[in-house]
Amino acid sequence: MSQFFAMGGYALYVWSAYALAFVVVVWQLVAPWRCERRILRRIARAQQRRGRDESGTP
Amino acid sequence: MLTRLYALASPPRFYRLADLWSRWLLWCGIALLLPGLWFSLLDSPPDYQQGESVRIMYVHVPAAWLSMFGYVCMATMAGIGLIFRSKAASAVAHSCAPAGAAFTFLALVTGSLWGKPMWGTWWIWDARLTSELVLLFLYFGYLGLKAAIEDREAAARATAVLALVGVVNIPIIHYSVEWWNTLHQGPTVTKLDKPSIHLSMLLPLLLMSFSYMALFGAMVLRRARGEILLRERNSGWVRELAMGEKA
């Protein structure tokens, strides 16, 4: 097991490469979800503002 | 065929389908990733010269392929958007840029992490590495140009021209290892005769590549939904959707 983690002496390089790949892929999968949510909320807020402006109440 | 394509390009329909496809591709990507990781970390032999460090290949080479694949997708969709004035196509083109840039960055850094123990240097200004860095700057340029132009239609046109001009870099990256002398090794898989790589290493490489590709599709389609919403923010269906979300 410890042999597996040692990666024949290249542990630092191999595991940093895999860790970075993991982080980049997860980030690129999660960011678009959050982005879409944010845009929807922004459109909804703009809509409510417009609704208030049109009805004339502050 | 054309009418079906036009129907697909209708924003509300594309928005719905992109959700479905994005989920489907995400699960495909994960289903390929698990055996891919198993083979690349456990069930593949160490290289006779590079030892265990060869395992970096299974995250590095697919990332480099995807960096180019993503660019070609982006330029193609940008071109379609330019010619047919399709909002869905230019939304997809815009969505390719961040994911493509991320894979380019990943290819550069994992390459660096592989280069240090094998070549003795993190970086050299050779043709392969430099042209890949130029690719990253092309993605950045695309994203910067998109952010800098207020008018969405004008931004789509300008970025499409940039993307199409930048395509010349793709064959340069691919052939850089043949045209110039370099530390970087030549192609072993993507050449016309038989791949000069053993099946035990080719299998994890292909599994990881297809996994990256499916995940790239999931990223792009998910982001395209946001782009569609921005373009269609004043149309009825988006307003309804946004109010439903809020409630």
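**Where chain B meets chain A**

Let's start with charges: between chain B and chain A, the count of salt bridges is two. In one salt bridge, the side chain of Glu36(A) meets that of Arg222(B), at 3.3 Å from N to O. Keep in mind as you look around that this is a predicted model.

Now take in the whole interface. On one side, 46 residues of chain B are in contact, and their partners are 31 residues of chain A. How big is that in terms of area? The size of an interface is often given as the accessible area lost when the parts come together. Here, chain B and chain A bury about 3,500 Å² between them, and 75% of that lies on carbon and sulfur atoms.

There are polar contacts across the interface too: the rule finds five residue pairs, with both residues at pLDDT 80 or more. So which parts of chain B touch chain A? Helices H2 (11-41), H3 (57-84), H4 (87-119), H8 (199-231) and H9 (236-246) of chain B each supply at least two residues to that side. H4(B) gives the most, with 12 residues. Sort the side of chain B that touches chain A by class, and you get 29 nonpolar, six polar and 11 charged residues.

Next, have a look at the surface of chain B. Ile80(B), Leu82(B), Ile83(B), Phe84(B), Val161(B), Leu164(B) and Val165(B) form a nonpolar patch there, and together they have about 630 Å² of accessible area. Which helices build the patch? H3 and H6 (152-166) of chain B each supply at least two of its residues. H3(B) has the largest share, four residues, and Ile83(B) sits in this helix.

Note on methods:
Residues are numbered from 1 along each chain as its sequence is written. Chains are lettered from A and ligands numbered from 1 in the order in which they are written. This is a predicted model: local features need pLDDT of at least 70, side-chain atom pairs count only at pLDDT 80 or more; totals for chains, interfaces and linings use all residues. Side-chain values use heavy atoms; hydrogens and water are left out. Contact means heavy atoms within 4.5 Å. Buried area is the accessible area (1.4 Å probe) that two parts lose on being put together, summed over both. A salt bridge is a side-chain nitrogen of Lys or Arg within 4 Å of a carboxyl oxygen of Asp or Glu. A polar contact is a pair of N or O atoms within 3.5 Å; within protein, one must be able to donate a hydrogen and the other to accept it, and residues adjacent in sequence count only if both atoms are side-chain atoms. Ala, Val, Leu, Ile, Met, Phe, Trp, Tyr, Cys and Pro count as nonpolar, Asp, Glu, Lys and Arg as charged, and the others, Gly among them, as polar. Patches are made of residues with over 30% relative accessible area and no salt bridge: like charges are joined within 9 Å, nonpolar side chains (Val, Leu, Ile, Met, Phe, Trp, Tyr) within 5 Å. Accessible areas come from the Shrake-Rupley method with a 1.4 Å probe; for residues, only the protein chains shown count as cover.
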